[in-house]
Amino acid sequence: MDAVADSLALLRQAAVIAMQIDDTLRGTELNVDRWRALEVIQSSPGCSMADVIDALCITPTTATR
C-alpha cells in the first residue's frame, strides 16, 4: 500500500506543479504540454518526433496536435 500512496502523492504534486506552470504561462499561447515539448526540442536540437514522444511519454497523436 505504501507504493500506491507514494504514487498518488507524486501525482498530486505533479498536478499542483502543472497548475502553477499554467498560471505562469497564462497570457501566452503556451500550455504545459506545449512548454514541455519546446523544452525537449530546445535541449535536443535536431531531435525527431519519436524523441519528443519518448521524452514526454505521450502518444503520437498527442504529439502531432
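Where does Cys 57 lie? Cys 57 is found in the loop between helix 3 and helix 4. The points below place this residue in its setting.

1. Basis of the model. The model is a predicted one, in which local features need pLDDT of at least 70 and side-chain atom pairs count only at pLDDT 80 or more, while totals for chains, interfaces and linings use all residues. Residues are numbered from 1 along each chain as its sequence is written, and side-chain values use heavy atoms, with hydrogens and water left out.

2. Elements. The protein has four helices and zero strands, and its elements run α-α-α-α from the N terminus on. Both kinds of element are DSSP runs numbered from the N terminus (helices: H or I, at least four residues; strands: E, at least two).

3. Overall form. The radius of gyration of the protein is 14 Å, whereas a compact globule of 65 residues would have one near 11 Å. This radius is taken over C-alpha atoms, and the globule rule is 2.2 Å times the number of residues to the power 0.38. Along the principal axes, the C-alpha atoms fill a box of roughly 40 × 30 × 20 Å.

4. Burial. Of the 65 residues, 15% count as buried (buried is under 20% relative accessible area, exposed over 50%, partly exposed in between, with a 1.4 Å probe and protein chains only). Val 40, in helix 2, is buried, with a relative accessible area of 13%. Val 40 and Asp 51 are 11 residues apart in sequence, and their C-alpha atoms are 8.6 Å apart in space.

5. Cys 57 is exposed, at a relative accessible area of 70%. Cys 57 also has a positive phi of about 55°, although it is not a glycine; most residues other than glycine have a negative phi. The structure holds zero disulfides (a disulfide is a pair of cysteine sulfur atoms within 2.5 Å).

6. The largest pocket. About 330 Å³ of space lies in the largest pocket. Of its 13 lining residues, the closest to its centre are Asp 33, Arg 34, Thr 62, Ala 63 and Arg 65. On a 1 Å grid over the protein atoms alone, a pocket is an open set of points where a 1.4 Å probe fits, with protein on both sides within 12 Å along at least five of seven lines; lining residues have an atom within 4 Å of a point. The volume is the space filled by probe spheres set on the points, which are joined across faces, edges and corners.

7. Source of the lining. Helix 2 (32-43), helix 3 (49-56) and helix 4 (60-64) each supply at least two residues of the lining, and helix 2 gives the most, with five.
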